[in-house]
Amino acid sequence: MAQTLAELPPHDLEHAIRLLSDSKRRITLAGGRFTNLFAQYLGLHLMQLRDDVRFLPDRDVERTAVFAALHRRDVLVVFDYRRYEQDKVAMAELVQAQGGKVILFTDMWLSPASTHAEVVLPSQVAAPSPYDSLVPTLAVIETVVAGVLTALGEDAHQRMQHGEDTARRMGLY
């Protein structure tokens, strides 16, 4: 984890925070077989802090509609780690071609989608098992969330409080 955070490109981290904090931008998140959990984790945090955050739908018709409607104010956040998924490359390429921005969370070998990403946030994945460790990725996500919270300031805190109040009124907790 320490190595990942030490090697995280400061410019890319700052740029990711700027893009995710820009209220004029619509955020769409997409993950893979295992990393969809991270897309959900980041997205749920962002939904508490700002408007216009969504997850890429699973169904082809809805997914196609999302990509057909993309424009220069859109940001696609993609998670793609080795055993890279070709659809992530296609998504990133399409978003870039339509003038949108791509933030890519990936491993240190860099997903092929990196060629179409404006921001690349790599993390170490070495683990003492046959599975890569995504623990360092979680640290990067939480660093990004903390940065977005700081960038949005009091507005984010008020939005979080309003969300808490709404959930309480609905009996959700």
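F38, F79 and F105 form one aromatic cluster. The model is predicted: local features need pLDDT of at least 70, side-chain atom pairs count only at pLDDT 80 or more, and totals for chains, interfaces and linings use all residues. Residues are numbered from 1 along each chain as its sequence is written, and side-chain values use heavy atoms, with hydrogens and water left out.

**Exercise 1. The aromatic cluster**

Task: Classify the F38 and F79 pair and the F79 and F105 pair by ring geometry, and state whether F38 is buried or exposed.

Solution: 

Step 1. Rings of Phe, Tyr and Trp (its six-membered ring) pair if their centres lie within 6.5 Å; planes under 30 degrees apart count as stacked, over 60 as edge-to-face and the rest as tilted. The structure holds three aromatic pairs.

Step 2. For F38 and F79 the centres are 6.5 Å apart and the planes make 25°, a stacked pair. F38 belongs to helix 3 (residues 36–49) and F79 to strand 3 (residues 74–80), so this pair ties together parts 41 residues apart in sequence. Helices (H or I, at least four residues) and strands (E, at least two) are DSSP runs, numbered from the N terminus.

Step 3. F79 and F105 have ring centres 4.5 Å apart and planes at 15°, so they too are stacked. With F79 in strand 3 and F105 in strand 4, the pair ties together parts that are 26 residues apart in sequence.

Step 4. Buried means under 20% relative accessible area, exposed over 50%, partly exposed in between (1.4 Å probe, protein chains only). F38, at 14%, is buried. F79 is buried at 1%, and F105 is buried at 1%.

**Exercise 2. Packing of helix 2 and helix 6**

Task: Describe how helix 2 and helix 6 pack, and which residues meet.

Solution: 

Step 1. Axes are lines fitted to C-alpha atoms, for helices over the stretch in contact, and angles run from 0 to 180 degrees between N-to-C directions. Helix 2 (residues 10–21) and helix 6 (residues 135–152) pack at about 55°, their axes being 9 Å apart. That angle makes helix 2 oblique to helix 6; angles under 35 degrees count as roughly parallel, over 145 as roughly antiparallel, 65 to 115 as roughly perpendicular and the rest as oblique.

Step 2. Contact means heavy atoms within 4.5 Å. From helix 2, L13, I17, L20 and S21 meet T143, V144, G147, V148, A151 and L152 of helix 6. By class, seven residues in this contact are nonpolar, three polar and none charged. Ala, Val, Leu, Ile, Met, Phe, Trp, Tyr, Cys and Pro count as nonpolar, Asp, Glu, Lys and Arg as charged, and the others, Gly among them, as polar.
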